[in-house]
Amino acid sequence: VQLQASGGGSVQAGGSLRLSCTASGISSYAMGWGRQAPGKEREFIVGISRDGGTAYYADSVKGRFTISRDDAKNTVHLEMNNLDVADTAVYYCIDEPDSDYLPLAEWKFWGQGTLVTVSS
């Protein structure tokens with residue numbers, strides 16, 4: 001199983017970034033994103049169902065982040081707008097091959113992360 005994330009970088013507060021992730025070696029049900037900020041625990045932020053019809057957002061990103069999915073390409077994107085310094089974190093693509101009944105209690109696979117740095 002490989003979850004290849006891309007699109008991280010540095011941006012000023014109020015700016016935008018787009019992350020992408022392609023899953024290989026797996027037939028995904030739910031896909032999504034988690035993150036880990038410096039000195040904090042890893043957290044789930046958003047998930048999307050296999051058909052893209054259902055998305056679930058953590059309160060911390062609701063209204064600012066938008067997830068989308070191309071199931072044919074096993075790819076998920078995350079549009080992040082109005083970024084805040086508090087969004088600085090390593091962002092992980094996450095995958096659950098057995099269910100897309102969101103929100104999930106846990107996610108089976110966490111990929112390699114991509115760093116997002118938001119400066120004031």
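In which strand is the place of histidine 77? I located histidine 77 in strand E8; strands (E, at least two residues) and helices (H or I, at least four) are DSSP runs, numbered from the N terminus.

**Entry 1: basis.** I note that this is a predicted model, in which local features need pLDDT of at least 70 and side-chain atom pairs count only at pLDDT 80 or more, while totals for chains, interfaces and linings use all residues. Residues are numbered from 1 along each chain as its sequence is written, and side-chain values use heavy atoms, with hydrogens and water left out.

**Entry 2: histidine 77.** I looked up its accessibility. Histidine 77 counts as buried because its relative accessibility is 16%; buried means under 20% relative accessible area, exposed over 50%, and partly exposed in between (1.4 Å probe, protein chains only). I then looked up its neighbours. Leaving aside residues up to four places away in sequence, histidine 77 touches Arg18, Leu19, Ser20, Trp33, Thr66, Ile67 and Ser68, where contact means heavy atoms within 4.5 Å. With the side chain of serine 20, the side chain of histidine 77 makes a polar contact of 2.8 Å. A polar contact is a pair of N or O atoms within 3.5 Å; within protein, one must be able to donate a hydrogen and the other to accept it, and residues adjacent in sequence count only if both atoms are side-chain atoms.

**Entry 3: the sheet of four strands.** I traced an open sheet in the order E1-E3-E8-E7, with antiparallel pairing; two strands pair if DSSP finds at least two bridges between them. Strand E1 (2–6) and strand E7 (65–70) each have a single partner strand, so one side of each lacks a neighbour in the sheet. Strands E7 and E8 (residues 75–80) run antiparallel and are joined by six bridges. Serine 68 has histidine 77 in E8 as its bridge partner.

**Entry 4: the sheet of six strands.** I found a further open sheet, with mixed pairing and the order E2-E10-E9-E4-E5-E6. Its edge strands are E2 (9–12) and E6 (55–57), each pairing on one side only. Strand E9 (residues 89–96) pairs with strand E10 (residues 109–119) in the antiparallel sense over six bridges. Tyrosine 91 stands opposite threonine 114 in E10.

**Entry 5: the disulfide.** How many disulfides does the count come to? I recorded one disulfide, a disulfide being a pair of cysteine sulfur atoms within 2.5 Å. Cysteine 21 and cysteine 93 form it, with their sulfur atoms 2.0 Å apart. Cysteine 21 lies in strand E3 (residues 17–24) and cysteine 93 in strand E9, 72 residues apart. Both cysteine 21 and cysteine 93 are buried.
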